[in-house]
Amino acid sequence: MAAYTANGFLLAHRYKRCCSRVQTGRPDYTRHPHTVFIPQLCSSRFFHTSYVTSGPILPFKLSDIGEGIMEVTVKEWYVKEGDKVSQFDSICEVQSDKASVTITSRYDGVIKKLYYEVDATALVGTPLVDIETEPGPEVVHEEDVVETPAMSNDEHTHQEIKGHKTQATPAVRRLAMENNIKLSEVVGTGRDGRILKEDILNFLAKQTGAILPPTPFHEIQPPPPAASAPSSASMPKMKPTPSVQLPVVSRPVFTGKDITEPLKGFHKAMVKTMTAALKIPHFGYKDEVDLTRLVQLRKELKGLSEARGVKLSYMPFFIKAASLGLLHFPILNASVDEAVQNITYKASHNIGLAMDTSQGLLVPNVKNVQLLSVFEIAVELNRMQTLGATGQLGTADLTGGTFTLSNIGSIGGTYAKPVILPPEVAIGALGKIQVLPRFNSRDEVVKAHVMNVSWSADHRIIDGATMARFSNLWRDYLENPASMVLDLK
């Protein structure tokens with residue numbers, strides 16, 4: 001008698017042979033040590049055969065992380081061989097030429113092998129680690145599939161771009177998509193910030209006006225009223241505030257040897273971008289801006305902004321003034337194709353800010369500045385500066401820019417020669433703010449806060465007059481910040 005089982009036809013014949021032995025006498029346990037003799041089933045010739053198996057060792061491959069990235073650099077391992085991991089536990093951090101990405105586990109199990117050393121280059125589609133999964137029916141024994149160029153929905157739940165933690169199951173993502181909800185706007189209450197179905201439903205209830213428990217965000221409150229000053233006799237002696245410690249600068253070590261290393265990550269991206277920029281004929285224009293009134297305005301608003309938990313610098317004003325100017329000169333917020341046959345005028349003002357970080361030059365951008373207030377721009381800058389300082393800027397922050405400002409003056413210098421970032425067509429470099437003597441309208445020498453600005457424009461589509469008029473309008477907004485109120489939206 002042959003019966004098909006999970007192990008196929010061959011096992012059925014084993015049953016037949018075993019059953020024939022049972023009919024004649026006791027089974028041969030030496031030849032079939034895993035055979036279980038069940039007298040009640042002898043007439044039907046059925047046996048149960050069990051196999052002792054350990055969990056399978058599965059290779060966890062580096063999936064496509066988008067943007068045409070084919071290789072990454074392993075920056076840090078969060079696990080070592082022998083460590084036990086669970087789903088969504090961080091495995092390693094990798095860096096492409098566009099962003100840093102944290103790879104998280106999709107299995108429960110034990111790390112058996114690490115395929116790369118720190119600073120090694122890993123290719124998309126190759127294994128990162130081997131994981132010995134826990135045995136059980138929940139483990140799916142199938143080949144890991146890497147999708148190119150788009151990542152599967154399931155893979156999206158196991159890879160997070162730093163600064164944009166959106167861990168969620170495909171079902172939760174589908175629910176969010178059906179209700180036009182951005183997962184980046186939902187606060188996840190699951191493990192490691194994972195977004196659950198209840199989080200989506202609570203977010204929907206909040207949008208429809210339902211009463212919800214207080215959220216973990218701090219409410220914006222005005223500064224508390226000043227209390228009556230206590231007498232000097234009743235006032236305890238306060239200890240002097242300790243001075244802020246300056247960062248320790250390590251002394252340079254002279255080795256006396258030449259060192260050759262490959263270009264990786266952001267440095268490799270800079271080579272590619274600047275090589276493309278060499279094809280652009282740059283038109284330069286420089287001017288100075290009197291920021292005396294803006295300095296006073298910021299001084300008045302700084303305390304209010306800090307009471308809301310946001311540091312207010314001059315950059316939000318510079319960025320907003322640039323956006324107002326781009327409304328009048330949209331060609332500066334455009335791009336051209338490689339053949340320079342078509343101009344695309346961008347609807348969104350995604351204004352980038354060049355940042356000097358430990359990873360090199362990064363240019364994240366504030367999205368849709370034309371729709372934001374000065375305070376909202378300051379909130380975004382605070383967020384990006386925090387992420388930039390810790391190397392956690394994601395792809396969403398580093399791509400999609402349409403116009404750029406470089407705050408080189410925060411380091412030093414007055415004038416610069418900024419290089420356009422293709423496919424953009426214009427960029428500005430801001431010098432440091434200096435206190436200098438200037439003549440006022442009554443020919444009196446007064447103290448003025450002066451900043452120099454240097455513009456570069458793609459001279460293939462932008463003429464000098466257009467760049468000069470834009471610069472004059474941008475300067476007028478900053479020298480008379482009250483005039484910005486008329487055009488704010």
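Reader: Where does Leu-398 stand, buried or exposed?

Author: A residue is called buried when its relative accessible area is under 20%, exposed when over 50%, and partly exposed in between (1.4 Å probe, protein chains only). Leu-398 has 19% relative accessibility, so this residue counts as buried. Please keep in mind that this is a predicted model, where local features need pLDDT of at least 70, side-chain atom pairs count only at pLDDT 80 or more, and totals for chains, interfaces and linings use all residues. Residues are numbered from 1 along each chain as its sequence is written, and side-chain values use heavy atoms, with hydrogens and water left out.

Reader: Thanks! Which helix holds Leu-398?

Author: Helices (H or I, at least four residues) and strands (E, at least two) are DSSP runs, numbered from the N terminus. Leu-398 belongs to helix 9, residues 395–398. In space, the C-alpha atoms of Leu-398 and Leu-362 are 7.5 Å apart, while 36 residues separate the two in sequence.

Reader: Now to charged pairs. How many salt bridges does the structure hold?

Author: A salt bridge is a side-chain nitrogen of Lys or Arg within 4 Å of a carboxyl oxygen of Asp or Glu. There are eleven salt bridges in this structure. One of them pairs Glu-132 with Lys-112, with 3.5 Å between the closest N and O atoms. This pair links distant parts of the chain, as Glu-132 sits in strand 10 (residues 127–133) and Lys-112 in strand 8 (residues 109–114), 20 residues apart.

Reader: How do I read the accessibility of Glu-132 and Lys-112?

Author: Glu-132 is partly exposed at 23% relative accessibility, and Lys-112 is partly exposed at 39%.

Reader: Which residue forms a salt bridge with Glu-288?

Author: That partner is Arg-438, and the closest N and O atoms are 3.2 Å apart. Because Glu-288 lies in strand 12 (residues 282–290) and Arg-438 in strand 19 (residues 426–439), the pair ties together parts that are 150 residues apart in sequence. Glu-288 is partly exposed, at 32% relative accessibility, and Arg-438 is partly exposed too, with a relative accessible area of 27%.

Reader: What about Asp-458: is this residue buried or exposed?

Author: Asp-458 has a relative accessible area of 0%, so Asp-458 is buried. Its side chain meets that of Arg-460 in a salt bridge, at 2.8 Å from N to O. Arg-460 has a relative accessible area of 36% and is therefore partly exposed.
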